[in-house]
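Here are my notes on this one, written for someone who will want the cut-offs spelled out. Have a look at the model first, then read on.

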Amino acid sequence: MTPNAALDALRTQAPLVHCMTNYVAMNIAANVMLAAGASPAMIHAEEEVADFTPICGALTINIGTLSPPWLTAMLKAAGSANTASVPWVLDPVAHFATPYRGDAARQLLGFKPTILRGNASEIMALSGAGGAGKGADSGDEVAAAKDSAITLATTHGCVVAITGPVDFVTDGTRQAEITGGDAMMPKITALGCALTALTGAYAAVTPPLEATVAALTHFAEAGEQAGKVASGPGSFSLHFLDHLHLIQPGDLDEGRVTWS
Ligand SMILES: Nc1ncnc2c1ncn2[C@@H]1O[C@H](COP(=O)(O)OP(=O)(O)OP(=O)(O)O)[C@@H](O)[C@H]1O
Ligand SMILES: Cc1ncsc1CCO
Ligand SMILES: [Mg+2]
């Protein structure tokens with residue numbers, strides 16, 4: 001399914017998506033999903049996640065502000081997603097920063113995410129390669145992380161996306177690069193976390209590789225449009241949300257995507 005066809009499916013189906021994300025991302029991720037056309041629900045209690053995941057089109061897990069009760073709940077939700085064949089997306093925010101976080105990311109990877117999305121430093125570190133990540137911020141080039149992404153996709157049987165100025169997506173066999181967006185995007189906190197949530201929404205309506213490319217293309221288009229009118233990170237955020245919403249099926253420039 002092409003990005004425009006995927007956007008059409010997203011708008012038609014407005015899938016319910018179970019988002020387990022961090023305190024920083026909670027609001028922007030929900031607004032990004034509503035603007036794009038999905039229906040987000042931020043549900044975190046250990047007592048209810050396993051019952052909620054199966055009624056959703058997808059689950060997304062982001063470890064940005066992790067704590068033990070959340071990790072317990074995330075592992076339960078991932079298990080429930082697998083049992084119910086619900087696609088799920090993992091965002092291993094800054095997993096290399098502390099042993100606790102690294103162990104959590106490895107435990108979650110053991111539940112075989114459908115899609116893994118991170119910045120270059122996160123993807124490199126997950127495959128064992130050294131990187132220059134600084135907390136949640138990337139310190140590495142996307143190009144330097146491509147081999148890591150292909151290795152992770154093959155080892156874990158998932159789609160891997162590295163985001164940055166030019167995004168890279170692979171399922172271990174096929175690869176796509178997506179251009180666009182704006183240099184202001186990493187200046188807005190949790191925009192990558194919001195992208196992870198939106199990737200889940202697309203995975204609810206189309207297979208994982210196409211879903212990831214569609215989410216990245218939607219972000220690239222809205223980011224580029226917002227960048228033309230924004231005067232700083234504050235106004236960029238507003239215009240970005242507006243453009244996610246204003247973009248219609250057919251408006252996504254599919255020339256942004258190069259397959260190999
Ligand atoms: N220099 C850039 N130019 C264009 N687009 C960019 C640039 N840097 C990041 N992006 C876009 O910003 C979005 C978020 O990617 P990014 O790599 O910044 O995520 P992240 O580091 O995980 O963010 P966070 O952890 O703050 O949520 C993606 O859609 C990506 O394509
Ligand atoms: C700033 C920050 N700290 C933990 S998660 C997060 C959001 C970006 O990943
Ligand atoms: Mg991130």
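The points below go from the whole chain to the annotated residues and then to the ligand.

1. Ground rules. This is a predicted model, so to speak plainly about thresholds: local features need pLDDT of at least 70, side-chain atom pairs count only at pLDDT 80 or more, and totals for chains, interfaces and linings use all residues. Residues are numbered from 1 along each chain as its sequence is written, while chains are lettered from A and ligands numbered from 1 in the order in which they are written.

2. Overall build. The protein chain has 10 helices and nine strands (DSSP runs, numbered from the N terminus: H or I of at least four residues for helices, E of at least two for strands). Its radius of gyration is 16 Å, close to the 18 Å that the globule rule gives for 260 residues, so the chain is as compact as a globular protein of that length (the radius is taken over C-alpha atoms, and the rule is 2.2 Å times the number of residues to the power 0.38). Along the principal axes, the C-alpha atoms fill a box of roughly 40 × 40 × 35 Å.

3. Packing. Buried residues make up 54% of the 260 residues (buried means 20 or more other C-beta atoms within 10 Å of the residue's own, with C-beta atoms placed from the backbone). Of the contacts between residues at least 6 apart in sequence, 72% join residues at least 24 apart (a contact is two such C-beta atoms within 7 Å).

4. The annotated pair. An unreviewed UniProt entry lists Arg117 and Thr163 under "binding site". They span 47 residues in sequence, yet no two of their C-alpha atoms are more than 7.6 Å apart, so they gather at one spot. Bear in mind that such annotations may be inferred rather than shown by experiment.

5. Where the pair sits. Arg117 is in strand β5 (residues 115-119) and counts as buried, with 31 C-beta neighbours inside 10 Å. Thr163 belongs to strand β6 (residues 159-163) and is buried too, with 27 other C-beta atoms within 10 Å. Leaving out residues up to four places away in sequence, Thr163 touches Arg117, Asn119, Gly192 and Leu195.

6. Ligand 1. What surrounds ligand 1? There are 22 residues, the closest being Asn119, Thr163, Gly181, Met185 and Gly192 (near means a C-beta atom within 6 Å). Helix α8 (191-203) and α9 (208-229) each supply at least two shell residues, and α8 gives the most, with four.

Technical notes
A residue is buried if 20 or more other C-beta atoms lie within 10 Å of its own, exposed if 12 or fewer, and partly exposed in between; C-beta atoms are placed from the backbone.
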